Amino acid sequence: MTRRTHAALAAALAATLTLGLGACKNDKSDNGDNGGDSTAASTKGPGAETGTIIGGTPAKGGTLTVLTNQDFAHLDPARNWVLPHMDFGTRLLYRTLVTFKAEPGAAGSEIVPDLATDLGKSTDGGKVWTFTLKDGVKYEDGTPIKAADIKYNVERSFSPDLTGGPDYAIQYLEGGEKYKGPLTGEHLPSIETPDDRTIVFHLKRPVAEFSYTTTLPTFSPVPQSQEKGTQYDSRPFASGPYKIETYDRGKQLVLVRNTNWDAATDPVRKAYPDKIVVTQGLKGGQADDRIIASDGADANAIEMPWMQHESVSKVLPKPDVKSRMAAERTGCTDMLFLNTAKAPFDDPKVREAMMWAVDREAQVTAFGGPAMADVAISYLPPSLTAGAKADPLKIPAAGDAAKAKELLKAAGKTDLKVGLTVSLGDKTRGEAIQQSLAKAGVQVTVNTVDASAFADTIGDIKNAPELTIQGWCPDYPSAATFFPFLFDGRTIKEKGNQGNYSQFKDQATMDRMDQIAAMTDVAAANKAWQQLDEDLMKKAPAVPLMWQRRPLLTGTNVAGAFGNSGYAGMIDLAVVGLKDPSKSQG
């Protein structure tokens with residue numbers, strides 16, 4: 001796919017990714033039909049119209065508060081691959097070679113140069129990519145950012161001790177399959193830095209979308225002199241507009257201005273607040289209730305990651321509060337992953353039974369109802385299929401417990417007892433799974449894990465549960481950033497396993513992914529990914545549950561807030577700020 005073609009596709013797809021709450025009322029059904037998109041433009045008001053900016057344009061200064069129930073999983077850019085922490089890191093603390101525009105609506109999925117002077121130049125048929133750094137880009141201590149620092153952080157992403165980050169470098173770079181990172185002194189020859197401002201990547205195969213890949217935290221700079229191994233998580237060295245002043249893990253993180261960040265080199269990040277205070281460890285719906293009330297400092301608050309779906313009913317009846325809310329489509333698919341590496345889900349017939357047993361309507365209800373999610377009928381979200389929706393199994397949205405029992409009996413697997421591990425905030429959804437599987441005769445024990453430890457817990461493959469609920473968001477609008485990470489057995493890691501939580505390893509599937517990745521005809525590749533979606537549904541490594549919307553709520557003094565489609569509908573932290581900074585505290 002050429003960069004021009006992909007950019008046009010991204011812009012077209014982004015129009016389906018972002019939808020305000022008012023337009024959601026026009027959603028026509030519970031089966032994933034997104035019929036409301038065509039009327040979005042007729043729905044007026046903040047949080048209701050696609051492309052709306054809540055609160056207008058911010059003023060410079062003041063203290064923005066971020067309320068959250070969790071600590072950061074990782075802030076080390078080599079390990080940061082979880083929304084909204086990736087948004088937080090790349091918009092506030094560190095810059096990347098290329099980044100997404102900070103604009104609402106379709107433009108949010110378009111990319112622009114960040115540390116680089118352009119979107120990169122490809123040669124050798126797309127196998128070699130060269131980027132040149134801008135003049136005058138600096139770290140928080142005033143030292144210049146060098147190409148070798150980006151090379152070093154990309155190399156760090158290969159380290160078995162620095163788990164959790166994106167796998168693109170490992171998949172794409174020559175020699176990546178055997179490289180183990182720079183911590184032992186070895187460097188990767190397929191990344192060259194002929195001078196301080198030039199970095200050259202040599203890929204195993206042509207990757208027309210490599211510019212999009214360099215929006216990820218992996219492609220931000222870390223000077224080798226600042227290396228602290230796993231401790232780098234607590235104090236990454238800033239190249240963005242803010243730096244860490246204090247960080248008491250699980251309690252509070254305070255960011256202050258990085259005075260050596262130069263806005264003249266960075267047209268994307270506006271850095272409106274003087275200070276950003278992240279208050280962690282809030283319980284239940286405390287953050288929601290505080291922002292709804294917007295008393296005192298909470299008038300200057302946003303929430304991370306998003307409002308609890310149980311709280312939506314508190315917002316909708318109040319026009320003044322609803323005007324501060326948006327429900328942005330994410331382009332992500334939530335799934336119930338079935339651990340195929342051990343019984344009982346190593347049996348395809350048992351996995352097929354789970355497809356029929358799960359009540360997906362109950363998942364939507366537990367998530368806040370049809371205003372907050374659509375029932376998923378396939379793995380690929382509509383944003384990756386140009387709106388086309390395949391339903392190869394034709395399973396009722398509420399499931400069919402009788403059919404599931406028949407399949408389990410045929411497989412000789414009755415009276416099953418399995419464990420389901422969910423993030424603490426997904427307990428209600430876990431209980432909905434528990435109830436629907438019980439109707440098919442499967443006894444489920446629900447185990448909850450704090451959100452900050454969830455990714456590491458389910459990423460430990462030796463101790464991974466039989467079932468887990470997790471979502472996957474494409475890093476940019478291409479199925480190439482979806483299926484290879486979810487169902488390619490070659491990506492499975494013993495620790496820090498990301499994406500392939502099913503531990504699914506099927507040679508025919510992997511061969512087909514390789515064939516599609518080698519296609520140069522965009523239309524043919526898109527059609528092939530969609531066919532693979534149907535084929536994988538029949539192999540059932542996971543049960544697609546729903547396509548989410550992000551319920552985003554802001555305090556009364558917050559301005560510049562919108563969901564960026566480039567970050568799966570999360571509030572774009574590059575441009576959010578306050579209406580009246582003099583009213584902020586801290």
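Student: What makes the largest nonpolar core a core, and which members touch the most others?

Tutor: A nonpolar core is a set of buried Ala, Val, Leu, Ile, Met, Phe, Trp, Tyr and Cys residues joined through side-chain atoms within 4.5 Å. Buried means under 20% relative accessible area, exposed over 50%, and partly exposed in between (1.4 Å probe, protein chains only). The largest such set holds 148 residues, and Phe88, Leu97, Phe201, Leu336, Tyr379, Phe483 and Phe487 touch the most other members. Strand E18 (residues 542–553) gives the most to this core, with seven residues. A second, separate core of six residues includes Ala102, Val268, Phe562 and Ala574.

Student: How are the residues numbered, and what limits apply to the model?

Tutor: This is a predicted model, in which local features need pLDDT of at least 70 and side-chain atom pairs count only at pLDDT 80 or more, while totals for chains, interfaces and linings use all residues. Residues are numbered from 1 along each chain as its sequence is written, and side-chain values use heavy atoms, with hydrogens and water left out.

Student: Why is the pair of aspartate 76 and arginine 156 called a salt bridge?

Tutor: A salt bridge is a side-chain nitrogen of Lys or Arg within 4 Å of a carboxyl oxygen of Asp or Glu. The closest N and O atoms of aspartate 76 and arginine 156 are 2.8 Å apart, and the pair forms a salt bridge. Aspartate 76 lies in the loop between strand E1 (63–68) and helix H3 (85–93) and arginine 156 in helix H4 (residues 147–156), so the pair ties together parts that are 80 residues apart in sequence. Helices (H or I, at least four residues) and strands (E, at least two) are DSSP runs, numbered from the N terminus. The structure holds 29 salt bridges.

Student: Are aspartate 76 and arginine 156 buried or exposed?

Tutor: Aspartate 76 has a relative accessible area of 0% and is buried. Arginine 156 is buried as well, with a relative accessible area of 0%.

Student: What makes arginine 235 partly exposed?

Tutor: Its relative accessibility is 30%, so arginine 235 counts as partly exposed. Arginine 235 forms a salt bridge with glutamate 140, the closest N and O atoms being 2.8 Å apart. This pair links parts of the chain 95 residues apart. Glutamate 140, with a relative accessible area of 12%, is buried.

Student: How do you know that E1 and E10 pair?

Tutor: Two strands pair if DSSP finds at least two bridges between them. Five bridges join E1 to strand E10 (residues 275–279), and the two run parallel. Leucine 67 stands opposite threonine 279 in E10. Five bridges also join strand E9 (residues 252–257) to E10, and these run antiparallel. There, valine 278 in E10 is the bridge partner of leucine 253.

Student: Why do the buried residues of H12 line one face of the helix?

Tutor: In helix H12 (residues 401–410), Ala404, Leu407 and Leu408 are buried. Seen down the axis of H12, the buried residues fall within an arc of 100°, so they line one face. The arc is that of the directions from the helix axis to the C-beta atoms. On the other side of H12, Glu406, Lys409 and Ala410 are exposed.

Student: What covers the buried residues of H12?

Tutor: The cover includes helix H10 (348–357), where contact means heavy atoms within 4.5 Å. Just after H12, glycine 412 takes a positive phi of about 70°.
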